[in-house]
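Here are a few notes to read alongside the model. Take a look at it, and then go through the points below.

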Amino acid sequence: MLLKSIATQQPTVMVDVGGKERKYTPDVLVTWRSDVEWPYGSQTVAFEVKPFAILRDKHYSLAPKLRAARQVLKEIGIGFRVITDRSIETPRLVNARKMIEARSYRPKDEWYNAASEVFRWRQEPFELVELENVLLRAGARPFEAQEFIWHWVSRGFIECDLNRPVTGTTKCLWWTMLVLQGMPRHEEDARD
């Protein structure tokens, strides 16, 4: 699926809420097109964005309007979704923000060398706290060790599951093992 268009605050439609005619305008309107345009074409979805607390607290007043909007939009070929801060604020987004912040960080060579010495040929996954301890012993301060870790995660030199919160117990692999695991057996033996 490829993004075709995105617009805010459109279209405005008239909806019937408890016998009263009211205007409704979704927050975002997104159109995707299929990789294979024919016979699938495009799909357009309107998104209503609300904080979860507001949906919870005002459910009885919001639900009829949102149901009516869903029905009217469906009749004109537009899908409808309600999303909240809970669906947007995911561990992957939190991790992405940390990687963006650390991407320009420049760790000291001696920290990289110390970490590489311990982890470069290690085939089994390690916990991030192990890497942090190596960095601390090499002279990094705790905040510098964290910046180093996020920098190397953002550069792809440390691989871990970014769909989960990244903590000290997160299992990771050092980049050399990622490369070697993708090599045929004879190439792996040739590295010695």
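1. Contact here means heavy atoms within 4.5 Å, while helices (H or I, at least four residues) and strands (E, at least two) are DSSP runs numbered from the N terminus.

2. A word on the source: this is a predicted model, where local features need pLDDT of at least 70, side-chain atom pairs count only at pLDDT 80 or more, and totals for chains, interfaces and linings use all residues. Residues are numbered from 1 along each chain as its sequence is written, and side-chain values use heavy atoms, with hydrogens and water left out.

3. Within α7 (residues 128-137), the buried residues are Leu128, Leu131, Glu132, Val134 and Leu135. They line one face of the helix, because they fall within an arc of 160° seen down its axis (the arc is that of the directions from the helix axis to the C-beta atoms). Buried means under 20% relative accessible area, exposed over 50%, and partly exposed in between (1.4 Å probe, protein chains only).

4. Just past α7, look at Gly139, which has a positive phi of about 110°.

5. On to charges: there are 8 salt bridges in the structure, each a side-chain nitrogen of Lys or Arg within 4 Å of a carboxyl oxygen of Asp or Glu. One of them joins Glu144 and Arg141, with the closest N and O atoms 2.9 Å apart. Glu144 is buried at 11%, whereas Arg141 is partly exposed at 47%.
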